[in-house]
Amino acid sequence: GFEVVLARSGRVVPVPAGRSVAACLIAAGVPLPLSCEQGICGTCAVRVLDGEPDHRDLVFTAAEQAANTHFTPCCSRAKSARLVLDL
Ligand code: FES
């Protein structure tokens, strides 16, 4: 697992193995638009302020993924222990 940090409130939301970032955010009461939940549509895309996402979407190009400025919380995870999100 890893943690996501909500930059605007400072809240920390743990993401256990086997549970999506999106599911954990929604369970924590964070409003997050969702549609395909498979990394295809980009509806859920969130800006990443710090940390390294483990991109598992088909939305961003390889170069966009490598920039690590956005990720799709419905399916992508983290390579770093923490991801700081613009939420
Ligand atoms: Fe479609 Fe995340 S909900 S990419």
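I began with contacts (heavy atoms within 4.5 Å). Among the chain's contacts with a separation of 6 or more, 51% join residues 24 or more positions apart.

I noted the ground rules. This is a predicted model, where local features need pLDDT of at least 70, side-chain atom pairs count only at pLDDT 80 or more, and totals for chains, interfaces and linings use all residues. Residues are numbered from 1 along each chain as its sequence is written, and side-chain values use heavy atoms, with hydrogens and water left out.

**Fold**

I looked up the secondary structure next. The chain has two helices and seven strands. I took both as DSSP runs, numbered from the N terminus: helices are H or I, at least four residues, and strands are E, at least two. Along the sequence the order is β-β-α-β-β-α-β-β-β. The radius of gyration is 11 Å, close to the 12 Å from the globule rule for 87 residues, so the chain is as compact as a globular protein of that length. That radius is taken over C-alpha atoms, and the rule is 2.2 Å times the number of residues to the power 0.38. I also noted the span of the C-alpha trace along its principal axes, about 30 × 25 × 25 Å.

**Surface and charge**

I checked burial. Of the 87 residues, 38% are buried. Buried means under 20% relative accessible area, exposed over 50%, and partly exposed in between (1.4 Å probe, protein chains only). The accessible surface comes to about 4600 Å², by the Shrake-Rupley method with a 1.4 Å probe. Carbon and sulfur atoms hold 50% of that surface.

I then compared charges. The chain has 8 positive and 8 negative charges, and their mean positions lie 6 Å apart. Lys and Arg count as positive, Asp and Glu as negative; His and the chain ends are not counted. I placed each charge at NZ of Lys, CZ of Arg, CG of Asp or CD of Glu.

**Cysteines**

I searched for disulfides (cysteine sulfur pairs within 2.5 Å) and found zero. Cysteine 24 is in none; its nearest cysteine sulfur belongs to cysteine 74, 13 Å away. Cysteine 24 counts as buried because its relative accessibility is 5%. Cysteine 41, at 38%, counts as partly exposed.

**Threonine 72**

Threonine 72 sits between strand S5 (70-71) and strand S6 (77-78). Threonine 72 is buried, with a relative accessible area of 1%. What does threonine 72 touch, not counting residues up to four places away in sequence? I listed Cys44, Asp57, Val59 and Phe60.
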